[in-house]
Amino acid sequence: MKIDYVSTLRSLCYIDLRFGVRLLLALCTSVLLTQGILIAQSQQGDVVGSLSGGVVKYQGELSDDSFGPGAFFSLRYAAMDRLWIEARFGLGEYRWKITDAKLARYPDYFGANAQIGDLYPASITTIEPENESRVTLGDLSVSYVLVDGIPASPFITAGVGVVNFAPSTSESHTQLPNSAAGNYPHTVASIILGGGVQIPVSERVGILLRGEHRFVFSSYLDDISFNGSNDALSTFSIGLTYRFNEPEAQEADPSYDNECEYCENCGDNCDECCD
């Protein structure tokens, strides 16, 4: 009996990914409830790095409910207390299934009466039940913290980026026909919109949840272009942040009467302190 180790490993990866997402969401909820005394206050001059894992989903003519894994590293600088400038690098993969309905919908691409196992027209590439593309992301973005002084920092993000992709079959990893023929560029620009929330665990470490949508300036993320519209990528990630600089001590509000309360308790020079 022949065992398909690749398919078996991929199935285990899907299970582990879904379990990991649920586990991290539960952890984030627990931290938010138990660490309420920590204030997610960003300060001007903060330098923060992040490392995240998540999923990548493509949207185009052949898109469905498939997704692939992704990993992201970023470094950001707080130009203002609530304004971040961030550079980010990401590696990932997105996938889409090939079904009988899709084969029938695009005969010019797959061939008339095409079936799984046939060759693409004028190509040596075999039609497989699933295709994929590795993707490399480089982003420069600006984020704005919507509310500060609370146990979590919700923020919105906008930016520009570069996307490099290479569509292929999933099993044999053979380039798809238009990619192999060089009919389109594999490195294109993108516009990024999204948001997320950062939850502090300590003064330096935090948990980062983020979702973003990339408007990609290419209609060939799936190797075909029939509707005239550009394709897109969505990413969802969970990770950790680390503040490299020493957090600045917050200045006490002179109008607050903590010192007066202390003087009243100690009984020494109360009048001088509270005046």
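Residues are numbered from 1 along each chain as its sequence is written. In this predicted model local features need pLDDT of at least 70 and side-chain atom pairs count only at pLDDT 80 or more, while totals for chains, interfaces and linings use all residues, and side-chain values use heavy atoms, with hydrogens and water left out.

Reader: What is the mean pLDDT of the chain?
Author: pLDDT is the predictor's confidence in each residue, from 0 to 100. In this chain 75% of the residues reach 70 or more, and the mean is 83.

Reader: How many helices and strands does the chain have?
Author: Helices (H or I, at least four residues) and strands (E, at least two) are DSSP runs, numbered from the N terminus. The order from the N terminus is α-β-β-β-α-α-β-β-α-β-β-β-α-α. The count is six helices and eight strands.

Reader: Is Ser50 buried or exposed?
Author: Ser50 belongs to strand S1, which covers residues 47–59. Buried means under 20% relative accessible area, exposed over 50%, and partly exposed in between, with a 1.4 Å probe and protein chains only. Because its relative accessible area is 5%, Ser50 is buried.

Reader: Which side chain makes a polar contact of 2.4 Å with that of Ser50?
Author: Contact means heavy atoms within 4.5 Å, and beyond its neighbours within four places in sequence Ser50 has contacts that include Phe72, Ser74, Glu86 and Leu208. A polar contact is a pair of N or O atoms within 3.5 Å; within protein, one must be able to donate a hydrogen and the other to accept it, and residues adjacent in sequence count only if both atoms are side-chain atoms. The side chain that pairs with Ser50 at 2.4 Å is that of Ser74.

Reader: What separates the C-alpha atoms of Val55 and Thr235?
Author: Val55 is also in strand S1, and it counts as buried because its relative accessibility is 17%. Val55 and Thr235 are 180 residues apart along the chain, and their C-alpha atoms are separated by 5.7 Å.

Reader: What volume does the largest cavity have?
Author: On a 1 Å grid over the protein atoms alone, a cavity is a set of points where a 1.4 Å probe fits but cannot get out; lining residues have an atom within 4 Å of a point. Grid points are joined across faces, edges and corners, and a volume is the space filled by probe spheres set on the points. The search finds two cavities of 30 Å³ or more, and the largest has a volume of about 50 Å³.

Reader: Which element gives the most to the lining of the largest cavity?
Author: The lining includes Ser50, Phe72, Ser74, Arg88 and Ser237. The elements that give two or more residues are S1, strand S2 (68–80) and strand S7 (205–216). The one that gives the most, with three residues, is S2.

Reader: How many residues of the lining of the second largest cavity are charged?
Author: This cavity has a volume of about 40 Å³, and Arg88, Arg210, Glu212 and Thr235 are among the residues that line it. Ala, Val, Leu, Ile, Met, Phe, Trp, Tyr, Cys and Pro count as nonpolar, Asp, Glu, Lys and Arg as charged, and the others, Gly among them, as polar. The lining divides into two nonpolar and two polar residues, and the charged ones number four.

How values were computed
1 Å grid on protein atoms, 1.4 Å probe; cavity = no way out; pocket = protein on both sides within 12 Å on 5 of 7 lines; lining within 4 Å.
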